[in-house]
Amino acid sequence: MHPRAERPAYVFRIIVFCLLTLSAAQGRADLSAKQARKAITRMAGFELTNGAVKVKTVSSTGPTTAEATALIRSVFRFEKDAQAVWRVAEIRIAPDRWEAIDLIAQALGFTSRRDECNAPDPPIRGAVVEPSVRRARCLLGSLLGIQMPSDAIRIQEVAPFAIPLASQPSTTVIAWIQIDARLVNLSKSGWQVSELRTGSRGWVELAPVLTALNERKRETARAELATIAQ
């Protein structure tokens, strides 16, 4: 066949290849860092600001699924009991909302060891802030399944003043926590976080945890009402 006769067929194959490649790319709808940050700030149960999330890596795992690793700036309230033992009491999930750590742990089926985190701190010079940064990192690591030392937990601030009107000595701790997130593209509503993982713990589906957490809250409320009734 004459070379000129082959040219239309050759051009046609190039056009078809380009269209197929473009369709595949559009079908994958790869997740961007900006989209991942937006999804994480609005993941089920949380309402975070854009500045509270730093996306480190993003990778596609399927046509409508992806995974991301991010740092989240989290605010915790720590309490100290009568035996001078510190524990993580609450986490701030929105600008004006706190959630009890015990209820979240029960919903997740998690337990944390605090004994090794409450050993006396070595003597230091200057003003002493309680809990110490070392103790705060240990308690958060135990809670989240992160083996210390690790860059997955970075303490930004331990507030030097106790929270007013608290029933027990308490303070706030601001920390950057590294999390892994699995996301799914739901087309109309866009990308959403479906699962989370911290440290050595396994993946946790958010929807069932949220359901279990709400049930724990209802049980707690019913128990408190029964106590008041008595």
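Predicted model: local features only at pLDDT ≥ 70, side-chain atom pairs only at ≥ 80, totals over all residues.
**Exercise 1.** What volume does the largest pocket have, and which residues are the closest to its centre?

Solution. 
- Step 1: The volume of the largest pocket is about 750 Å³.
- Step 2: Its lining is made up of 35 residues, and those closest to the centre are Phe-46, Ile-91, Ile-104, Leu-108 and Leu-196.

**Exercise 2.** Which elements give two or more residues to the lining of the largest pocket, and from which element does the largest share come?

Solution. 
- Step 1: Among strands, the contributors of two or more residues are β2 (65-80), β3 (86-94), β4 (97-100), β6 (170-185) and β7 (191-197).
- Step 2: Among helices, they are α3 (101-108), α4 (133-144) and α5 (206-229).
- Step 3: The largest share belongs to α5, with six residues.

**Exercise 3.** Describe the second largest pocket: what are its volume, its closest residues and its contributing elements?

Solution. 
- Step 1: The second largest pocket has a volume of about 300 Å³.
- Step 2: It is lined by 17 residues, of which Ala-39, Trp-191, Gln-192, Val-193 and Ser-194 are the closest to the centre.
- Step 3: Two or more lining residues come from each of α2 (33-41), β7 and α5.
- Step 4: β7 supplies the largest share of this lining, five residues.
- Step 5: By class, the lining of the second largest pocket contains eight nonpolar, five polar and four charged residues.

Methods
Residues numbered from 1 in each chain as written. Heavy atoms only, no water. 1 Å grid on protein atoms, 1.4 Å probe; cavity = no way out; pocket = protein on both sides within 12 Å on 5 of 7 lines; lining within 4 Å. Points joined across faces, edges and corners; volume = space filled by probe spheres on them. Helix = DSSP H or I, 4+ residues; strand = E, 2+ residues; numbered from the N terminus. Nonpolar A, V, L, I, M, F, W, Y, C, P; charged D, E, K, R; others polar.
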